[in-house]
Every structure is written in structure tokens, then in C-alpha cells.
Amino acid sequence: MDKATPKADIYKANLDRAAPLLAKLKDEGIGHFIDGKVVPAISGATFETKSPIDNTVLAKVARGNAEDIDRAATSAALAFKSWREIAPAMRRKLLHRVADAIEDHADDIAVLECIDTGQAYRFMAKAAIRAAENFRFFADKCTEARDGLNTPSEEHWNISTRVPIGPVGVITPWNTPFMLSTWKIAPALAAGCTVVHKPAEWSPITAHWLAKLAKDAGIPDGVLNTVHGFGEEAGRALTEHPAIKAIGFVGESTTGSAIMAQGAPTLKRVHFELGGKNPVIVFDDADLDRALDAVVFMIYSLNGERCTSSSRLLVQQNIAETFTAKLAARVRALKVGHPLDPATEVGPLIHERHLAKVCSYVDIARQDGAIIAVGGKPVAGPGGGHYVEPTLVTGASQIMRVAQEEVFGPFLTVIPFGDEADAIAIANDVQYGLTGYVWTGDMGRALRVADALEAGMIWLNSENVRHLPTPFGGMKASGIGRDGGDYSFDFYMETKHVSLARGTHKIQRLGV
């Protein structure tokens, strides 16, 4: 279907596409994927995954524990011995086949992701394509993964190279789970590592698909294993398993702290992409129409359930009233609806517990003296699921909880500022440091603010636009390490130094 296809027709086509997929899913359930096979939990235990659209059970899922993780880690360790030796050109070919398989099933993946997570189709329609791009990008870097430097000294040539670290654990979140899984798994496989993947229990469906597509594409058995389950059971067992050399985790900050502690006895290397309370700073000399578009997009797209969302609007005082009034009108006009409807801009939140969390911040805002300018209530949606009105909070100050804590929903807090120094001070006065967005017509000021912000990624006069070679990650409580481009290999590989002597240097002689 192209852009000319009526939205009603796309909606119906999405529903028709989903029906047989869901019937098969409910009939077969979701097992672990270990050593190239779909297997039940050793204990036989399962849990239910439900759709946030109407709370219906989508499938029974294998509930993994330490025994299942041990089985998967053992498989990954055995497969690592051969996977690391595969010629980079062959590894590249296999990863391109995975990308091909993802593209071939992109429409199926998109509708399943919508139903499993509540994300709107207008965003998920491209998520599988982005996932394929992740595999293609890192496939093409296979041949340079081991690249290093020659740093000659007077008597030696000093060569560095990189080697894969070993079997790694990847723990991924429930928001846009398919794309984020490939963002972690593709570079690990390209580096020559094998993987045990523990997807979020609230959105397990597309992780199951990824493992099967990789198998069909020719990825050898044991190279990519998936174990489903809960963090305190399967997740903890993965972070503590001695065969797993590193853990890549995307999620919230307190869980990251727990994973670091759990991995400490086995000296796990960790890479964390964690939470954010990201500021978008709008100065009075900015292109205010473009800034308004970016502000709305970066908090209300993807249901606000994204780590890079700009959940704090810092707007200069002399334009705050006018800008906020235009913003409020846009927020009121956002369409909340069924995620498979292409007209929908905000779908249901992932889980009833998360809906309750997001709504709790409405009461918190009022208790602290802020104003709920728009939204703030659960709303009846198609199927009666976990829908909430897009929310805009005004009259806030930096000391309020809604200005400090990550809500992770369609929830924006507006804070006026005076001058450049004031904006920087407010922006940095949080525990997080993932992203920052700056809107101004003064490029000198833009660069000064970008340099002063305590965040790992800054966009000037732009929303978040991903470029795969660039580093992705945060400071402070927002993470450790960087994804993207060559930065991913810094995590999944060990750097090895080899010194080649010219045979001319003097060696001290002892005991002569």
C-alpha cells in the first residue's frame, strides 16, 4: 500500500493481517529459542502476554529460570568457538540475509509490535525497516571489526587489534522492542560474539520472531538464543552466569544498578542505555514553528515511551505564554486510538501498571502546585485498554517531581527560564543526562549550550534524528558506554596489543 491508500483501508488491512498471526500465536505459544530450537521452559512454567489494546491474552510464554539460562549460555559458549572463526565476509553475508528476512516480514512484524506494545502503526510501520538497517549497517562493518592501529616506537612496531569478548547477554525493553533488540544484537553478532537475549516480559512476541528469522537466514545454532521470563528470575540468572562475559541492557536506571551489582562477582563488562529527563530548550530567537513541531513529536510520538523523549520543555519567559498556548492546542488535537489505525498518533500504554504510574504523576503535579493544562486522565479507547489523554503540565518549577522524575509517557512539563545561564542550570539540575535539544537562531549560543549541557547527545535545531555511525548513550544516571558505529565494537570486543621487535633493542642481562 502507498501513501494514496485511504487510511480506513490501511486500518482494515492491518486488522486482516493481524488475525491469522494472532491465531497462530495463541495456538502455538512462545517458547525459548535455544541451540536453534524452540523449547519449553525446563520447569514447564509459562506466563501470559496480553495486548494493551483490550487486555486479551495473546499467547502463553515460556517462563525461564536459572536452568533455562544455563542451557542457553552453554549453547552460546559452545557456538562461540566456531562463530568467532567464521570469515568476516561470510558473517557479513549471513547478517545481510537476516536483514533480508526482516524486510520480507516487515508488515507482519509491524502489526504484531502494535498489538503487543500499543505503539501506533504510523511509527511501527518503519520499525522493522530500521531493524533491517541495523543488521545491514553492522554486517558491512564485519570486515573492519578487528581493525586496530600501528603505533611504532624506535625499536618496535606496536600493533593493536580487537577480538570478540565471548558470549554476551542482551536484555531489552518493552518499548519498540524489535528495533531496539537488533540495535544490540546486530553489532554483537558482527563482532563475532554469540548472544543470549532476554526480552522484556511485557513484549515478548517479536523477539521470538527475530530468533526464528535468524535461524531461517542461516545463523548457526547456538549463536542467537532467546530466553523469556522475568527480570528477577531469568534476567538475574543471565547477569550472574559465569559463561556470559558482558551484559548490554536497555531499561531504567535502578535496574541498571542492580545488574551492575549482580555482574560484579564475575567481573561482567556492562553497557547501559538507561532513563532520561531530557530538556528541549526553546529560545526566543528560534524558528518557533519548527520548534513547536519538534517539541510535540519528541514527547507524544511512541506514546512518550522512549528514553530520548524531551519530557521537559524549557521555554524563554518572554515567549512562554504564547508558545505554551500554541502547544496546548496541538496537544488537545492529538488523536488517541487503536494502534493499527494509521490515523492514530497516541495508542494505549504498554501495561495497566504503567498506566497507573503515568496517571499517578497527575496527582503528584497537582500536589506540588503545578497546573494540568491539558489531559491528565485515562480515556476510553477501542477495546477499553490502557489509554490515557496526552498530558501537558504548566506552572511547574525545577524542584517539582514532574520536573525531576522520568514519567515515560505522553506527559510534558513546561518550565520557563530567563537567560542562557538559567536554561543551562535548569537543564542540568537532574540526575539524568541522556539527550538535550536546543532551539535558537544564534549558532554561537547553540554551541555554548551544547558544550555546557550534561548529556551524551545534543541536537541543535532538530528533533532526534538517528545516524548509525554516531555514538548513542548518556551521562550520569542515563547510562554507561556508547552504541553506534565503531563504538559498539568497543563494548563487544577486547583490544589486544601485539608488539613486534625489530631485534635491535638492548635486553638487560641478569644472572650473568
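**Note on cavities, cysteines and aromatic pairs in a predicted model**

1. Three cavities of 30 Å³ or more turn up in a search of the whole structure. A cavity here is a set of points, on a 1 Å grid over the protein atoms alone, where a 1.4 Å probe fits but cannot get out; lining residues have an atom within 4 Å of a point. The largest cavity holds about 70 Å³ of space, a volume being the space filled by probe spheres set on the points. Of its 15 lining residues, P279, A427, T435, E454 and A455 are the closest to its centre.

2. This is a predicted model, in which local features need pLDDT of at least 70 and side-chain atom pairs count only at pLDDT 80 or more, while totals for chains, interfaces and linings use all residues. Residues are numbered from 1 along each chain as its sequence is written, and side-chain values use heavy atoms, with hydrogens and water left out.

3. At least two lining residues of the largest cavity come from each of α14 (420-428), β16 (432-433) and β17 (435-439). Helices (H or I, at least four residues) and strands (E, at least two) are DSSP runs, numbered from the N terminus. By class, the lining has seven nonpolar, five polar and three charged residues. Ala, Val, Leu, Ile, Met, Phe, Trp, Tyr, Cys and Pro count as nonpolar, Asp, Glu, Lys and Arg as charged, and the others, Gly among them, as polar.

4. Helix α14 also contains D422, which is partly exposed at a relative accessible area of 29% (buried is under 20%, exposed over 50%, partly exposed in between, with a 1.4 Å probe and protein chains only). D422 and R366 are 56 residues apart in sequence and 25 Å apart in space, C-alpha to C-alpha.

5. The disulfide count is zero, a disulfide being a pair of cysteine sulfur atoms within 2.5 Å. C193 counts as buried at 0% relative accessibility, and C307 as buried at 13%.

6. The whole structure has 13 aromatic pairs (Phe, Tyr and Trp rings, the six-membered one for Trp, with centres within 6.5 Å; planes under 30 degrees apart are stacked, over 60 edge-to-face, the rest tilted). One of them, F249 with F272, is edge-to-face, at 6.0 Å centre to centre and 90° between the planes. The pair joins strand β9 (residues 246-250) to strand β10 (residues 269-273), and both residues are buried.

Notes: 1 Å grid on protein atoms, 1.4 Å probe; cavity = no way out; pocket = protein on both sides within 12 Å on 5 of 7 lines; lining within 4 Å.
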